[in-house]
Amino acid sequence: MLQLIKKDFYIQKMVWLFMILAIAIYIFAQASSLFVGIIFGIVMTVNLFAMDEKKSAQLLLNSLPFTRKEIVSSKYIAAFLYIMCIIATISVLHLVVNQAIPNMYHLLMICIVSLLVVAIFYPFAYRFSSKYFTFLFVGIFAAYLLCLKLFVPNINDQIRELVGYLSSVSQPMIYVYILVATVIFYSLSWLLSIRIYSKKVFE
């Protein structure tokens, strides 16, 4: 399984170089570390999944001496390592450019949001395909607009207040509870993806 994880990093080495350069530019431009981290966390982990999604790549993977459980597990471990690398990159560049340690709560939020996106996206993509995730996103957005129109007209204000509260709150226990719940959700998603992928037929 370690070879699969190494493969995921080796294949994307040029993408990583581009990502480090892009993050450096964003931080130099005084963009929010929280915003930059979440965007790059989502993009990199989704791209990690998509690069092995071609039918020929799946046939090749399944011809190698790895179990399907190891193939799925390697993706979840690699996604977690990707997120940790992005957080480390932001921390180092923030320290170099701004001569200050980044907000630790913002780094935790990057970790939590990125893990949640992976936990939702990967089982869906294993069951259907990542290209259908666009349709899921459109459906969620339509439901959001419907909710905004019919049930909670001030939902934007409520979301803004919640994000503002989470960004400003400095009570570590709140973040610990959220992080623990996220890790449990991530683990359940991991198990679900193994179950889905084990039953998948490639012809």
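**Notebook: helices of a predicted model**

I began with T182, which is placed in helix α9. For helices I used DSSP runs (H or I, at least four residues), numbered from the N terminus. The model is predicted, so local features need pLDDT of at least 70 and side-chain atom pairs count only at pLDDT 80 or more, while totals for chains, interfaces and linings use all residues. Residues are numbered from 1 along each chain as its sequence is written, and side-chain values use heavy atoms, with hydrogens and water left out.

**Entry 1: T182**

Is T182 buried or exposed? I found that T182 is buried, with a relative accessible area of 4%. The terms are set as follows: buried is under 20% relative accessible area, exposed is over 50%, and partly exposed is in between (1.4 Å probe, protein chains only). I then listed the contacts of T182, leaving aside neighbours within four places in sequence, and they are I112, L115 and L116. Contact here means heavy atoms within 4.5 Å. I also looked up S114, which is 68 residues from T182 along the chain; their C-alpha atoms are separated by 10.0 Å.

**Entry 2: L188 and a nonpolar patch**

Helix α9 (residues 172-198) also holds L188. L188 counts as exposed because its relative accessibility is 52%. L188 belongs to a nonpolar surface patch of about 710 Å², made together with M173, V176, Y177, V180, I184 and L191. Patch residues have over 30% relative accessible area and no salt bridge; like charges are joined within 9 Å and nonpolar side chains (Val, Leu, Ile, Met, Phe, Trp, Tyr) within 5 Å. A salt bridge is a side-chain nitrogen of Lys or Arg within 4 Å of a carboxyl oxygen of Asp or Glu. Accessible areas come from the Shrake-Rupley method with a 1.4 Å probe, and for residues only the protein chains shown count as cover.

**Entry 3: helix α6**

I120 lies in helix α6 (residues 104-127). At a relative accessible area of 46%, I120 is partly exposed. From I120 to W190 I noted 70 residues in sequence and 10.0 Å in space, C-alpha to C-alpha. M104 is also placed in helix α6, and is exposed, with a relative accessible area of 52%. M104 and M19 are 85 residues apart in sequence and 21 Å apart in space, C-alpha to C-alpha.

**Entry 4: helix α2**

Which residues of α2 are buried? They are W16, M19, A22, I23 and I27. These residues cover an arc of only 130° around the axis, which puts them on the same side of α2. The arc is that of the directions from the helix axis to the C-beta atoms. An α-helix has 3.6 residues a turn, so residues three or four places apart point the same way. On the other side of α2, I found M14, L17, F18, L21, I25 and F28 exposed. The cover over the buried residues of α2 includes α1 (2-11), α3 (33-50) and α5 (68-98). Just after α2, Q30 takes a positive phi of about 65°.

In α1 I found L4, I5 and D8 buried. They cover an arc of only 100° around the axis, which puts them on the same side of α1. The face turned away from this buried side carries the exposed residues L2, Q3, K6 and Y10. In α3 the buried residues include S33, G37, F40, M44 and F49.

Methods:
Helix = DSSP H or I, 4+ residues; strand = E, 2+ residues; numbered from the N terminus.
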